[in-house]
Amino acid sequence: MVGMQSDGSARGPGRPREERVTGAVLSAVVDMVHEQGIAAVTMDAVAARAGVSKPAIYRRWPTKQDLIIAAAETRIGILSVPDLGDFRAELRFVLTARLEAYRLPGTDRLIAGLIGAAAETGAVRGQYAEYTERITSETRRILERGIARGDVSPDTDVRAAATLVAAPLIFRLIGEQEMPDARFVDNLVDLVTRAVGPTG
């Protein structure tokens, strides 16, 4: 039965329950990847771990790929960077936020699994590209803001520069298997700022 608000209007069906199910499922995926690796993530196993039905999972995430991307986005999602009046400060904000996410237990295996899944035969590559576009969108925005402000060179390739910002932390974490730290962020801020700063 649909409940009524105090003003007599109908109340939507079970929003808190929807949020609880979503949170339980995505937490289960992150925990499973951390403990056992991405191969352990199946719809059956996630349903059992989260204490929800498989139909409830499939309604939200029709494929395992959708589920893995959604779980990754709970750790590495869209940022919102205030206008700090300086590209260098805004870049540090982005990199520090990412560093904090990468240092959470299991994030390394989640990212590695996501990258591996994206390369699998039959993967819908557009979905991974869309996720990457979302999580680098704020870096592109601060670069564009820097161009407008004058502390980023106007001929900067914004997409290439956003990749330059995102890739080093991931490669240090996954490729070099070393946890990035604040000093690494400091070095990246210096390198990227020099690379995209105005010349002359």
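**Figure 1. The whole protein.** The protein has 9 helices and 0 strands; helices (H or I, at least four residues) and strands (E, at least two) are DSSP runs, numbered from the N terminus. This is a predicted model, in which local features need pLDDT of at least 70 and side-chain atom pairs count only at pLDDT 80 or more, while totals for chains, interfaces and linings use all residues. Residues are numbered from 1 along each chain as its sequence is written, and side-chain values use heavy atoms, with hydrogens and water left out. Of the 200 residues, 41% count as buried; buried means under 20% relative accessible area, exposed over 50%, and partly exposed in between (1.4 Å probe, protein chains only).

**Figure 2. The largest nonpolar core.** This core holds 55 residues. A nonpolar core is a set of buried Ala, Val, Leu, Ile, Met, Phe, Trp, Tyr and Cys residues joined through side-chain atoms within 4.5 Å. Val 25, Val 46, Ile 57 and Leu 67 touch the most other members. Helix H1 (residues 15–36) gives the most to the core, with 8 residues. Leaving aside neighbours within four places in sequence, Val 25 is in contact (heavy atoms within 4.5 Å) with Val 46, Ala 50, Val 52, Ile 57, Trp 61 and Leu 67.

Figure 3. Asp 44 forms a salt bridge with Lys 54, and the closest N and O atoms are 2.9 Å apart. A salt bridge is a side-chain nitrogen of Lys or Arg within 4 Å of a carboxyl oxygen of Asp or Glu. Asp 44 lies in helix H2 (residues 43–50) and Lys 54 in helix H3 (residues 54–60), so the pair ties together parts that are 10 residues apart in sequence. Lys 54 counts as partly exposed, at 32% relative accessibility.

Figure 4. Helix H5 (residues 87–102) has 16 residues. Its buried residues include Phe 87, Glu 90, Leu 91 and Val 94. Glu 90 forms a salt bridge with Arg 149, the closest N and O atoms being 3.0 Å apart. This pair links distant parts of the chain, with Arg 149 in helix H7 (residues 125–149) and Glu 90 in helix H5, 59 residues apart. Arg 149 is partly exposed at 30% relative accessibility, whereas Glu 90 is buried at 0%.

**Figure 5. The pair Glu 133 and Arg 140.** The side chains of Glu 133 and Arg 140 meet in a salt bridge (3.5 Å, N to O). Glu 133 is partly exposed, at 35% relative accessibility; Arg 140 is buried, with a relative accessible area of 19%.

Key: Expected span 1.5 Å × (residues − 1).
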